[in-house]
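Let's take a walk through this one together, a stop at a time. Have the sequence and the 3D view open, and we'll begin with a single side chain before moving on to helices and a sheet.

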Amino acid sequence: MCGIVGYVGTKDCCDVLVNALSKLEYRGYDSAGIAVFENGEIETVKTQGKLDDLRNKLDTVGKPQGHIGIGHTRWATHGEPSDVNSHPHSGARVTIVHNGIIENYIELKEYLTNKGRTFISETDTEVVAQLLDYKYNGDPIKTIDDCMADLKGSFALGIMFKDFPDRIFAVRRESPLIVGVAEGECFIASDVPAILKYTRDYYLLEHNEIATLTADGTSFVNEYLEPITKELKTADWDMEAAEKGGYPHFMIKEINEQPTAIKTTITPRIKNGLPCLEECGITTEKLKKFKSVTIVACGTAMHAGMVGKYVIEDLARIPVNVDIASEFRYRNPIVSEGDLVIIISQSGETADSLAALRLAKQKGATTLAIVNAKGSSIAREADMLIYTLAGPEIAVASTKAYITQLSVMYLFAFELALAKETVSSAECKRLVSALLKIPDAVQYVIDNCEEKCKFIATKLINADSLLYIGRGLDYALSMEGSLKLKEVSYIHSESYAAGELKHGTISLIDDGMPVIAVATQTDIIPKTISNIVEVKSRGAKVILVCTDACARELKEGIADYVVEIPHSDELLMPITAVVPLQILAYYTAVDRGNNPDMPKNLAKSVTVE
């Protein structure tokens, strides 16, 4: 959600801020703005719309000239998208940008109104700006600390005090914020891509820490206002990794990066032909003790968890529950000592997933995080940690992060089953060997199925609604395929267990309605085929994703369009079979004139409830 940037240095601040914001567009936004110190005054320019609208406005009204400033891309939560509600927001002496939600902003607004303060926007952010201004006593750090005690909720703030035109301040609670450093300049940003053009060195700002940035460097204090020293980190990917590299969109670029992402993720975790997750804090002794597994995640990550459930139960023979993080939090879940709770999150900052992790730890469960973002909150707080080494994923709709989450789930399932002695060492080696072949299978699908998927997408662009169906692992995969299509194409889509069609959903089938079926599991393919015949007989246009072996046995007319993928170990088929579903979603979005990288109303990192 939202993107925060800030700059202190010698460069043209306006250009730096807008460039940095452009690297955070993937987070989702509906307005943008900047504030710059110019001749001792804070000049603010902001507008509803995209960064191009902000650039046009800057060309019209003139760019503020200065070397210190803050910027923001807003995703509306309090108040509609508008110029007035856009960030930055100001009091008389303070200007801020804000990511997050202030839960008690109404009572604070009432308090400040009674003190004579007036408000021009509907945002919770302006309340924070006015509170800072009201409490300001000439000491920025003490003022920020005083205000933090009054604020409830999650937030990251970039702050400028008119009295201190040579510096900016930053603070966070829950919402992510980093502090970048280079020779003679410093930055704040919501995520690393914003600063990669200028530096790869940064500090992670922890909860309730306050940072002061000047051209000479940074300083930090903790929640007790004590000076602290922080570890300087270096991003392990460069600007090129965060650029499109000749592709029209990040989404298709990241689909094409999946074979490499899988290899990078699994290869270091295999030794002597067996999974080895000791570097992640996972040992045979620990695994033997777990009585059950609960997987908690949101969206795409939850769908990776669904595949994980099938695989863990099949191999390790212990019960696995999969919960949506927001539901897990509020249903008094039954987890305790001896249980393992796996939290899956691409960003490592997903608010509901982070809260679920903390709840699981309170109840005595052991926690394992599977995340892509190094140093993120979930990564730091979990008892055990597996990084998915997907590299930067810029498109909002996850592809390579999802496929690496699947890869990690398989490695974990293999090692858990080996520890539980439900598979032999020889069988585990066979499974690992099969997993090592999957990147080549994924590459084959990309090379040989893209044109077919591109053609099929032209048949979907006018659809009002469609269904995805499958059984077992294919059903888990259908859930992700359906989400991917609706995220980027805006076509209403639902996934359904194929065997449930007759229990109500088949009433939705009418002439010409697209139904996308997935059939990769040999023992239940005949059952899935019978469900395809059912919908076909009611007028559905059927698109079938299946193995090449299955395709050879299909009777003519069973499906209108068939996408064949190479057969591998059936337990691993979800990794290969998701690729045509991703490609299909991408081209459907493009054909409908959508930007698949930045779907409307969506954000890459959901850091509020």
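A polar atom of the Asp 124 side chain lies 2.9 Å from the backbone nitrogen of Ile 102, a polar contact in the sense of an N or O pair within 3.5 Å, where within protein one atom must be able to donate a hydrogen and the other to accept it, and residues adjacent in sequence count only if both atoms are side-chain atoms. Bear in mind that this is a predicted model, where local features need pLDDT of at least 70, side-chain atom pairs count only at pLDDT 80 or more, and totals for chains, interfaces and linings use all residues. Residues are numbered from 1 along each chain as its sequence is written, and side-chain values use heavy atoms, with hydrogens and water left out.

Back to Asp 124, which sits in helix 4 (residues 124-135); helices (H or I, at least four residues) and strands (E, at least two) are DSSP runs, numbered from the N terminus. Is Asp 124 buried or exposed? With 2% relative accessibility, Asp 124 counts as buried (buried means under 20% relative accessible area, exposed over 50%, partly exposed in between, with a 1.4 Å probe and protein chains only). Leaving aside residues up to four places away in sequence, Asp 124 touches His 78, His 98, Gly 100, Ile 101, Ile 102 and Tyr 105, where contact means heavy atoms within 4.5 Å.

Helix 4 also turns up among the elements covering the buried residues of helix 5, and so do strand 7 (153-161), strand 8 (168-173), strand 12 (210-214) and strand 13 (217-221). In helix 5 (residues 140-150), the buried residues include Ile 141, Ile 144 and Met 148. At the start of helix 5, a side-chain oxygen of Asp 139 comes within 3.2 Å of the backbone nitrogen of Ile 141.

Now for a helix pair. The axes of helix 7 (residues 258-266) and helix 15 (residues 438-457) come within 8 Å and cross at roughly 170°; axes are lines fitted to C-alpha atoms, for helices over the stretch in contact, and angles run from 0 to 180 degrees between N-to-C directions. That makes helix 7 roughly antiparallel to helix 15 (angles under 35 degrees count as roughly parallel, over 145 as roughly antiparallel, 65 to 115 as roughly perpendicular and the rest as oblique). Helix 7 brings Gln 258, Pro 259, Ile 262 and Lys 263 to the contact, while helix 15 contributes residues including Ile 438, Val 442 and Ile 446.

Next comes an open sheet of five strands, with parallel pairing and the order 24-23-25-26-27; two strands pair if DSSP finds at least two bridges between them. Strand 24 (492-497) and strand 27 (561-565) stand at the edges with a single partner strand each, so one side of each has no neighbour in the sheet. On average, neighbouring strands of this sheet are turned by 15° against each other, direction ignored. Strand 23 (residues 465-470) pairs with strand 24 over six bridges in the parallel sense, and Leu 466 has Ser 493 of strand 24 as its bridge partner. Helix 16 (residues 473-489) packs on the sheet, touching strand 23, strand 24 and strand 25 (514-519), and its direction makes about 175° with that of strand 24.

Finally, some backbone geometry. The loop between helix 16 and strand 24 holds Tyr 490, whose phi is near 70°, a positive value in a residue other than glycine. Tyr 490 is partly exposed, at 29% relative accessible area. A cis peptide bond joins His 87 and Pro 88, with omega about 0°.
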